[in-house]
Amino acid sequence: MISKLDTLKETSSFGSWALCIVYSKSLDELRKTNTLDNQQKILDKQQAEIEDIEDERAALKIKILKAINKLPEQQKIVIKLFYLEDYSLKQISKTLKITIGTAKSRLFYAREKLRLILKK
């Protein structure tokens, strides 16, 4: 801007010319600051939403674990091995020395009981 001072034809208009430059540069800075502030507000809002979701998940996990603990022992073991330890039905049957059909049956009835417990 100052580098183009020599292109100014009328020196009497220097004040308004300089004021126009200051005004434009000020608006640019305000826009940049406003954009950064808005971006920070958006990030803060997203972080708060993430924390709320994590809190809800933690509460739900506790609720589910309490419900699992209310199951009969055989069903509780199968549910924990299948969902918490990621065992396959084959691995569960070998570990508990039961047939795969028995493991499936216990898992099915455990899910049904969990559904009823969690509805209450």
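Predicted model: local features only at pLDDT ≥ 70, side-chain atom pairs only at ≥ 80, totals over all residues.
Let us start with the whole chain. Of its 120 residues, 15% count as buried. The accessible surface of the chain comes to about 9,900 Å², and 58% of that belongs to carbon and sulfur atoms.

Now let us turn to how helices pack together. Two packed helices are described by the angle between their axes and the distance between the axes. Take helix H2 and helix H4: their axes come within 9 Å and cross at roughly 95°. An angle from 65 to 115 degrees counts as roughly perpendicular, and that makes H2 roughly perpendicular to H4. On the H2 side, the residues that meet H4 are Gln74, Gln75, Val78, Ile79, Phe82 and Tyr83. Their partners in H4 are Ala103, Arg106, Leu107, Tyr109, Ala110, Arg111, Lys113 and Leu114. The residues of this contact of H2 with H4 divide into 9 nonpolar, 2 polar and 3 charged.

Gln75 lies in helix H2. Is Gln75 buried or exposed? Its relative accessibility is 11%, so Gln75 counts as buried, the cut-off being under 20%. Leaving aside residues up to four places away in sequence, Gln75 touches Arg106, Tyr109, Ala110 and Lys113.

If you follow the chain onward from H2, you reach the loop between H2 and H3, and this is the place of Asp86. Most residues other than glycine have a negative phi. Asp86, however, is a residue other than glycine with a positive phi, near 60°. With a relative accessibility of 64%, Asp86 counts as exposed.

Next comes helix H3, which spans residues 89–96. In H3, Leu89, Ile92 and Ser93 are buried. Why do these three share a side of H3? They cover an arc of only 100° around the axis, and therefore they sit on the same side of the helix. On the other side of H3, Lys90 and Lys94 are exposed. What covers the buried residues of H3 includes helix H2, residues 73–84, and also H4.

H3 meets H4 as well. The axes of H3 and H4, the latter made of residues 100–119, come within 8 Å and cross at roughly 105°. These two helices are therefore roughly perpendicular to each other. From H3, the residues in this contact are Leu89, Lys90, Ile92, Ser93 and Leu96, and from H4 they are Ile100, Ala103, Lys104, Arg106 and Leu107. By type, the residues of the contact of H3 with H4 divide into 6 nonpolar, 1 polar and 3 charged.

Finally, look at what follows H3. Lys97 comes after this helix and is found in the loop between H3 and H4. Although Lys97 is not a glycine, it has a positive phi of about 55°. Lys97 is exposed, with a relative accessible area of 75%.

Technical notes: Residues numbered from 1 in each chain as written. Heavy atoms only, no water. Axes fitted to C-alpha atoms, helices over the stretch in contact; angles between N-to-C directions. Helix = DSSP H or I, 4+ residues; strand = E, 2+ residues; numbered from the N terminus. Parallel < 35°, antiparallel > 145°, perpendicular 65-115°, else oblique. Contact = heavy atoms within 4.5 Å. Nonpolar A, V, L, I, M, F, W, Y, C, P; charged D, E, K, R; others polar. Buried < 20%, exposed > 50% of the residue type's maximum accessible area, 1.4 Å probe, protein only. Arc of directions from axis to C-beta. Areas by Shrake-Rupley, 256 points an atom, 1.4 Å probe, with all protein chains shown as cover.
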